[in-house]
Amino acid sequence: MKFIINPKAGILKNRSILKKLIEKIQFYFHDTVKIELTRGVFHAAEIAYNAIKNGFDTIISVGGDGTLNEII
């Protein structure tokens with residue numbers, strides 16, 4: 001499972017909230033999850049493409065509609 005997180009989306013701009021979110025994801029999913037933060041425009045698309053190439057069958061978008069649209 002791959003989480004693609006846009007750290008500049010909405011409430012995630014607050015670093016303490018972003019940190020808590022990542023901690024919760026890691027707590028509940030342990031080693032079954034990989035998390036990547038986007039660094040700019042179209043980076044979510046690149047991460048998603050590479051995730052599919054590397055065999056991930058589940059991708060979870062965390063961010064706004066722009067992040068989701070890039071992943072799709």
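Predicted model: local features only at pLDDT ≥ 70, side-chain atom pairs only at ≥ 80, totals over all residues.

User: How do I read a nonpolar core, and which residues make up the largest one here?

Analyst: In soluble globular proteins, nonpolar side chains tend to be buried together. A nonpolar core is a set of buried Ala, Val, Leu, Ile, Met, Phe, Trp, Tyr and Cys residues joined through side-chain atoms within 4.5 Å. Buried means under 20% relative accessible area, exposed over 50%, and partly exposed in between (1.4 Å probe, protein chains only). Here the largest nonpolar core has 8 residues: F3, I5, L12, L18, I22, I25, V33 and V62.

User: Which helix or strand supplies at least two residues of this core?

Analyst: Helices (H or I, at least four residues) and strands (E, at least two) are DSSP runs, numbered from the N terminus. Both β1 (2-5) and α1 (15-29) supply at least two residues each, and α1 gives the most, with 3 residues. A second, separate core of 5 residues includes I4, A44, A48 and I71.

User: What is I5 in contact with?

Analyst: Contact means heavy atoms within 4.5 Å. Leaving aside neighbours within four places in sequence, I5 is in contact with L12, L18, L21, I22, I25, I35, E36, L37, T38 and V62.

User: T38 is on that list. Where does T38 lie?

Analyst: T38 lies in the loop between β2 (34-37) and α2 (43-53). At 12% relative accessibility, T38 counts as buried. Apart from neighbours within four places in sequence, T38 is in contact with I4, I5, N6, P7, H43, A44 and I47.

User: Now a helix, please. What should the residues of α1 span?

Analyst: The expected span of a helix is 1.5 Å times one less than its number of residues. The 15 residues of α1 should span 21 Å, and its end C-alpha atoms are 21 Å apart, which agrees.

User: Which residues of α1 are buried, and which are exposed?

Analyst: L18, I22 and I25 are buried in α1. Seen down the axis of α1, its buried residues fall within an arc of 60°, so they line one face of the helix; the arc is that of the directions from the helix axis to the C-beta atoms. The buried residues of α1 pack against β1 and β2. On the other side of α1, K19, K20, K24, F27 and Y28 are exposed.

User: How many aromatic pairs does a search of the whole structure find?

Analyst: Rings of Phe, Tyr and Trp (its six-membered ring) pair if their centres lie within 6.5 Å; planes under 30 degrees apart count as stacked, over 60 as edge-to-face and the rest as tilted. The search finds 2 aromatic pairs. F3 and F29 form a tilted pair, 5.6 Å centre to centre with 55° between the planes. This pair links distant parts of the chain, with F3 in strand β1 and F29 in helix α1, 26 residues apart. F3 is buried, with a relative accessible area of 7%, whereas F29 counts as partly exposed at 29% relative accessibility. F27 and Y28 form an edge-to-face pair, 5.0 Å centre to centre with 85° between the planes.

User: What sits over the ring of F56?

Analyst: A charge sits over a ring if NZ of Lys or CZ of Arg is within 6 Å of the ring centre and within 35 degrees of the ring normal. The charged end of K2 sits over the ring of F56, 5.0 Å from its centre.

User: Let us finish with the loops. Which phi does H30 have?

Analyst: H30 has a positive phi of about 50° although it is not a glycine. H30 lies in the loop between α1 and β2 and is exposed, with a relative accessible area of 56%. F42 has a positive phi of about 70° and is not a glycine either. F42 is found in the loop between β2 and α2, and at 61% relative accessibility F42 counts as exposed.

Terms used
Residues numbered from 1 in each chain as written. Heavy atoms only, no water.
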